[in-house]
Amino acid sequence: MQDDLIIDAARRQIVTAGIKMVEQKMIAGSWGNLSIKIDTSRCAITPSGRSYDSLNTEDIVVVDMQGNKIKGALIPSSETPLHLAIYNAIPAAQAIVHTHSVYASACAALHRSIPALIEDLVQIIGGSVDVAEYALPGTKVLAENALIALKNKKAALLANHGVVCWGISLETALMTAEIVEKAAHIYCICETMGGAKLLPESDIAIMHDFYKQHYSKRQIEKGDEVLE
C-alpha cells in the first residue's frame with residue numbers, strides 16, 4: 001500500500017509538470033519527456049506518443065533501471081535509455097526533464113553551446129551548457145553522448161534535438177530547463193547585437209559554489225521553492 005502511494009505521487013508530479021511544460025511552450029504534442037527516480041531500482045516516466053495535456057496518472061509508466069516495464073499499460077518514452085543512463089551515472093539525479101524548447105533547440109541545431117552569460121545559469125550549471133555529439137534519438141549512443149556533454153553539469157544540449165536537464169527533484173529539473181531556455185533566448189538576441197560579454201571564470205566558480213553550498217540547500221528546506 002505504501003509503495004502504491006509513492007508511485008502514485010510520482011505519477012501525479014509528472015502529469016502536473018507535463019501540463020506546465022505545455023503551457024510554457026517548452027514542448028509540443030508528445031515530444032519531450034519527464035521522469036522521476038522512485039528509488040534505486042525504479043523510475044516513473046512519461047509514455048511514448050501521448051500528448052501531455054491529455055495525460056492521466058495511470059498513463060505514466062514505471063520501469064526498472066534496465067528499462068523493463070514494471071507498471072503501466074503504455075509503452076515508456078523512446079528516450080528511456082537517456083533517462084536511465086543519467087540515473088545510473090549520476091546518483092544525485094532524482095528527476096529528468098527533456099524539452100524541445102525553441103531557443104535551446106536552436107542552439108542545439110547550430111551545435112553551439114550556450115555560454116556563461118547570465119548569473120542564474122552559471123549558478124546552477126557552473127558554466128556553459130554544452131552540446132552532445134549528434135546521434136539518433138532513443139539510442140544508446142545518444143545517451144552516451146549526453147553523459148559526455150553533461151560532465152558534472154545539470155544540463156546539456158542534444159545536437160539537432162533539444163535539451164536534457166536533471167535535478168534533485170522534478171521541480172528543480174524543470175526550473176533548470178526554464179533557465180537554460182531563458183539563457184538560450186538571451187544568447188540568440190545578443191548574437192544579433194554584436195555578441196554577449198561573458199562572465200569572468202573566477203566569478204562563475206564563486207557563484208556556482210555558493211549555489212551548491214547554500215542556495216540549493218535552502219530550496220530543499222523550503223520544499224524546492226525558488227528563493228531570491
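## Basis of the model

This is a predicted model, in which local features need pLDDT of at least 70 and side-chain atom pairs count only at pLDDT 80 or more, while totals for chains, interfaces and linings use all residues. Residues are numbered from 1 along each chain as its sequence is written, and side-chain values use heavy atoms, with hydrogens and water left out.

## Helices H2 and H5

Helices (H or I, at least four residues) are DSSP runs, numbered from the N terminus. Helix H2 (residues 80-89) packs against helix H5 (residues 140-150) at an angle of about 45 degrees, and their axes are 9 Å apart. Axes are lines fitted to C-alpha atoms over the stretch in contact, and angles run from 0 to 180 degrees between N-to-C directions. H2 and H5 are therefore oblique to each other; angles under 35 degrees count as roughly parallel, over 145 as roughly antiparallel, 65 to 115 as roughly perpendicular and the rest as oblique.

The contact (heavy atoms within 4.5 Å) joins Pro-81, Leu-82, Ala-85, Ile-86 and Ala-89 of H2 to Ala-143, Ala-146, Leu-147 and Leu-150 of H5. Its residues comprise nine nonpolar, no polar and no charged. Ala, Val, Leu, Ile, Met, Phe, Trp, Tyr, Cys and Pro count as nonpolar, Asp, Glu, Lys and Arg as charged, and the others, Gly among them, as polar.

## Helices H1 and H6

Helix H1 (residues 2-23) and helix H6 (residues 170-191) pack at an angle of about 15 degrees, with axes 11 Å apart. That makes H1 roughly parallel to H6. Gln-13, Ile-14, Ala-17, Lys-20 and Met-21 of H1 make the contact with Leu-170, Glu-171, Leu-174 and Glu-178 of H6. These residues divide into five nonpolar, one polar and three charged.

Key: Helix = DSSP H or I, 4+ residues; strand = E, 2+ residues; numbered from the N terminus.
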